[in-house]
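Good morning, and thank you for making time for this item. Please keep the model open on your screens while I go through it.

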Amino acid sequence: MEVCSQLPVLPLDRPVPQHVLRRRGAISLGTSSALFGGPSPRQLCKRRGGVSYNSADQAVLYLHLLGKCRSTPSHLRRRRRGKHTQAPGFVPSCVKIFLQWLGPVRPGARGLKSHRRRLSFQRGLKSRHLRQRPSGPQHLLDQVYNCQVKCMLDKVDSWDFDIFMFDRATNGNGLVTLTFHLFLQLGLTRLFRLDPIKLRSFLVMVQADYHQRNPYHNSLHATDVTQAMYCFLRQPKLATTLSSCDMLLALVAAVTHDLDHPGVNQGFLVRTGHHLAALYKNSSVLESHHWRCAVSLLRESGLLDHLPITDRSERLGSLILATDISQQNRYLARFREHLDREDLSMADPSHRHLVLQITMKCADICNPCRVWRLSSQWSSRVTAEFFHQGDVEKKHGMAVSPLCDRLSDSTAHIQAGFIRHVVEPLFREWCRFSCTSLSHRMLAHLQTNLDRWTDPSQHPETPP
Ligand SMILES: Nc1ncnc2c1ncn2[C@@H]1O[C@@H]2COP(=O)(O)O[C@H]2[C@H]1O
């Protein structure tokens, strides 16, 4: 089979080639490590990260907000490489401050490379881990793992696909393996003449920029969302109407939609005065950051550089921004209106885009629609992350955010509320739009899971 025969070309459980490790620039929120190390809220709000921007104004804002930066905006990197369009020798003051902080660096010198490599905490950890992986007896297991992975990938379109087992079988490289496979399955690699090396390099970067310490918002969640997105894209209503370009953007949005998530919610970032909250004016703070990270990694990998896709970044952004759960009612109301009026036309690009946004939302919060064996694991993970945020808030004398107090909230209570008020309304409309056996199955799982969470005999800790 073509798909499987291509996988061993770049074995995922062997050290990554040097050109992949030789990463440029970085984006890291840095909050996750701070949280798990337990600094004060003031320290938290002073944690630094970086995103890439296009204009000098944004660079000034960036530097002012961050003070010392942990990462280099992409346009600054370009200037250091001498590709800037300003007069030769022109160095804006903000860049001077930045370069001073980096220390004396000669372009191309080893010093610069090591700076670059150190810029992202997440990538540093990951690449060290990959470099240090011992060769030898471990590779005896490769055959076993590869066979298991191939068998699992044959069933990647199944709604009961066990993403947890898949991640173990791929040695924690589930995101790279699964998404690479899906690009091949959908024919995107061939159709868009994507360079497999660049594709893999992009996916390795994406995987590395998720915070594996987060119980929920990590690369496994992104992989799960991507697998769900694939299942939805195969539904007749979408498969027969979406363009290949739509599918490409949908897959990229799914895999990047929570990039560099710090494991705390927007409310926490706003209350601690985090620089990203200021940068994005307290509105869709995390989603805006995920989007900018995605654009930065796309640019860095050069994966789509050869494609004349208009408004690529904006379209990707509007899919990622649609995952802002606080905006759910707005999207749902528009979708519902179209369904009520029966005027949703997949020939209309704006309607198609709304459907893609709703698809992205469904993929993002579909975990309660999975079979209990999988769904309950996501419930435990998301609650663990909420409660961890609550613990940090308590530790620093802050008011505990809703759903984050392990003493007064419970997993069962949170799940029941989330299913009733958020997931079910969305999936009921989705089922009106795409009335397939998968949609009915998802609603059936949702009901079963709700019944289990609300059955006091199974969850005695549920608050009255
Ligand atoms: N099983 C779940 N239980 C409760 N909340 C959830 C669950 N799954 C997803 N969420 C929430 O839905 C949100 C969707 O956007 P985020 O990924 O930012 O954060 C997610 C969680 O806050």
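Let me begin with a convention: UniProt positions are given in the numbering used here, with feature names shortened, and such annotations may be inferred rather than shown by experiment. Residues are numbered from 1 along each chain as its sequence is written. The model is predicted, so local features need pLDDT of at least 70 and side-chain atom pairs count only at pLDDT 80 or more, while totals for chains, interfaces and linings use all residues.

I start with the annotated positions. In an unreviewed entry, UniProt lists D258 under "binding site". D258 is found in the loop between α17 (244-256) and α18 (266-271); helices here are DSSP runs of H or I with at least four residues, strands are E runs of at least two, and both are numbered from the N terminus. Is D258 buried or exposed? D258 is buried, because 27 other C-beta atoms lie within 10 Å. The cut-offs are as follows: 20 or more other C-beta atoms within 10 Å of a residue's own make it buried, 12 or fewer make it exposed, and anything in between is partly exposed, with C-beta atoms placed from the backbone.

Leaving aside neighbours within four places in sequence, D258 is in contact with H217, H221, A222 and H290. Contact means that the two C-beta atoms, placed from the backbone, lie within 7 Å. H217 sits in the loop between α14 (196-208) and α15 (219-233). H217 is also buried, because it has 25 other C-beta atoms within 10 Å. Not counting residues up to four places away in sequence, H217 touches D258, H261, G263 and E385.

Of the 13 residues in α14, 10 are buried, including F202, L203 and V204.

Next, the ligand. Which residues come nearest to the ligand? Among the 14 residues around it, these are I325, I365, S379, V382 and F418; a residue counts as near if its C-beta atom, placed from the backbone, lies within 6 Å. Helices α24 (372-395) and α25 (411-433) each supply at least two residues of this shell. By class, the shell has 8 nonpolar, 4 polar and 2 charged residues.

L319 is in contact with L249, A250, A253, L356, Q357 and M360, leaving aside neighbours within four places in sequence.

Finally, two methionines. M442, in helix α26 (residues 437-454), is buried, because 23 other C-beta atoms lie within 10 Å. M442 touches C366, C369 and F427, not counting residues up to four places away in sequence. Its C-alpha atom is separated by 6.6 Å from that of R370, 72 residues apart along the chain. M398, by contrast, lies in the loop between α24 and α25 and counts as partly exposed, because it has 15 C-beta neighbours inside 10 Å. The C-alpha atoms of M398 and R271, 127 residues apart along the chain, are separated by 9.0 Å.

Definitions and conventions
Nonpolar A, V, L, I, M, F, W, Y, C, P; charged D, E, K, R; others polar.
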